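Thanks for coming. I will go through one structure today, helix contacts and ligand surroundings included.

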Amino acid sequence: MSDLYAVMGNPINHSKSPQIHSTFAEQTEQDLIYSAILVPLEKFKEEADSFFRNGRGLNVTVPFKEDAWQYADTYSSRALRAGAVNTLIKKEDGSVHADNTDGIGMVRDITVNNGCEIKGKRVLVLGAGGAVRGILEPVLEEKPREVVIANRTVSKAQALAEDFSDIGEISGCGFEQVEGQFDLIINGTSASLSGELPPVPESVIHLETTCYDMMYSAEPTVFNQWAAGLNAAATLDGLGMLVEQAAESFEKWRGVRPESKPVINSIRESLLLVKTA
Ligand code: ATR
């Protein structure tokens with residue numbers, strides 16, 4: 001029988017994870033079935049118990065990340081730092097191990113797929129919510145010169161910086177207080193969802209700046225349009241992060257690394273086709 005994997009969420013019908021993991025399985029000749037499970041609110045534990053009777057691994061998305069946290073028996077250090085999990089792994093002894101592959105997925109997309117080194121760079125991170133907490137450890141492990149977190153609610157940026165200050169040079173401030181130029185700017189606010197732009201000074205961008213929006217869409221995001229208009233060297237979006245976090249989960253489950261580039265390219269093409277249809 002094929003090994004069983006799934007993503008649980010609510011809603012779940014737009015999830016690209018089944019498509020991504022099925023392609024990875026074909027590529028690496030792994031005998032597995034990956035499905036999307038719509039879980040009623042309040043029913044995560046029951047559904048996860050039922051799944052793990054035979055299932056080997058789960059991805060968990062909105063709104064069950066907190067439930068998944070509670071469900072796990074053990075945690076990777078990056079999951080502990082992120083305070084959130086997106087991947088559950090059933091161990092031989094029956095226990096469930098939790099990991100968070102979002103941050104490492106983004107870092108791989110930036111450094112490997114797009115050839116942009118973080119080491120030694122000045123990095124600006126916009127936003128101080130859960131999404132940003134999830135990426136800070138992997139970003140700091142690349143040894144940037146400095147990370148500045150800017151957020152609408154300044155106290156949240158400062159508290160977050162404090163939580164990660166043992167790993168590297170990191171500080172928090174408000175958008176208007178951001179000073180100087182940055183080599184890498186990561187937008188982790190949910191402002192893009194409503195088409196809004198965090199009000200950072202235009203002077204943060206120079207001709208070598210790489211901008212990364214953790215959101216993605218068929219059209220360039222508002223943040224990336226803004227950055228491109230200021231002649232940033234590159235404007236990247238979170239599609240690569242989505243596929244890389246999946247690749248990382250897949251490797252944890254199966255012990256083989258799939259190739260993410262063809263999957264990123266085919267999803268990008270399908271987004272553009274939908275746009276022009
Ligand atoms: P997520 O899980 O996506 O990180 P979150 O934890 O609710 O969601 O965090 C959302 C982030 O986007 C926060 O940093 C939030 O700023 P506040 O901490 O001040 O609330 C930021 N955000 C949301 N809407 C925004 C907007 N219109 N302009 C600027 N920042 C915004």
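Which residues in H5 meet which residues in H9? On the H5 side they are Asp102, Ile104, Gly105, Met106, Arg108, Asp109 and Asn113. On the H9 side they are Gly240, Met241, Glu244, Gln245 and Glu248. Before I go on, please keep in mind that this is a predicted model.

H9 covers residues 239-254, and H5 packs with H9 at an angle of about 115°, the axes being 7 Å apart. The crossing of H5 and H9 is right-handed. Sorted by class, the contact of H5 with H9 has five charged residues, four polar ones and three nonpolar ones.

Next, the contact of H5 with H6. H5 is residues 102-113 and H6 is residues 130-141. Their axes come within 7 Å and cross at roughly 50°. The cut-offs are under 35 degrees for roughly parallel and 65 to 115 for roughly perpendicular, with angles between those ranges counted as oblique. H5 and H6 are therefore oblique to each other. The crossing of H5 and H6 is also right-handed. From H5, the contact takes Gly103, Ile104, Met106 and Val107. From H6, the contact takes Gly134, Ile135, Pro138 and Val139. By class, the contact of H5 with H6 has six nonpolar residues, two polar and no charged.

The axes of H1 and H9 come within 10 Å, and the crossing angle is roughly 55°. That makes H1 oblique to H9. The crossing of H1 and H9 is right-handed. H1 contributes Ile20, His21, Phe24, Ala25 and Thr28. H9 contributes Leu242, Val243, Ala246, Ala247, Ser249, Phe250 and Trp253. The residues of the contact of H1 with H9 divide into nine nonpolar, three polar and no charged. For H9, then, the contact with H5 has five charged residues, whereas the contact with H1 has no charged residues.

Now the ligand. Which of the 14 residues around the ligand come nearest? They are Ala128, Ala131, Asn151, Thr153 and Lys156.

Some distances for the ligand. A polar backbone atom of alanine 128 is 2.9 Å from an oxygen atom of the ligand. For threonine 153 the side chain is involved, with an N or O atom 2.5 Å from a ligand oxygen atom. Glutamate 196 has a polar side-chain atom 3.2 Å from a nitrogen atom of the ligand.

Last, the backbone in the loops. Proline 11 sits in the loop between strand E1 (3-9) and helix H1 (17-28). Another runs from valine 62 to proline 63, with omega near 0°. Proline 63 is in the loop between strand E3 (57-60) and helix H3 (65-71).

There is also lysine 143, which is not a glycine but has a positive phi of about 65°. Lysine 143 is in the loop between H6 and strand E8, residues 146-150.

That is what I have; please ask about any of it.

Definitions and conventions
Residues numbered from 1 in each chain as written. Predicted model: local features only at pLDDT ≥ 70, side-chain atom pairs only at ≥ 80, totals over all residues. Heavy atoms only, no water. Axes fitted to C-alpha atoms, helices over the stretch in contact; angles between N-to-C directions. Helix = DSSP H or I, 4+ residues; strand = E, 2+ residues; numbered from the N terminus. Parallel < 35°, antiparallel > 145°, perpendicular 65-115°, else oblique. Left-handed = near helix turned anticlockwise from the far one by under 90°. Contact = heavy atoms within 4.5 Å. Nonpolar A, V, L, I, M, F, W, Y, C, P; charged D, E, K, R; others polar. Near = heavy atom within 4 Å. Polar contact = N/O pair within 3.5 Å; in protein donor to acceptor, adjacent residues only side chain to side chain.
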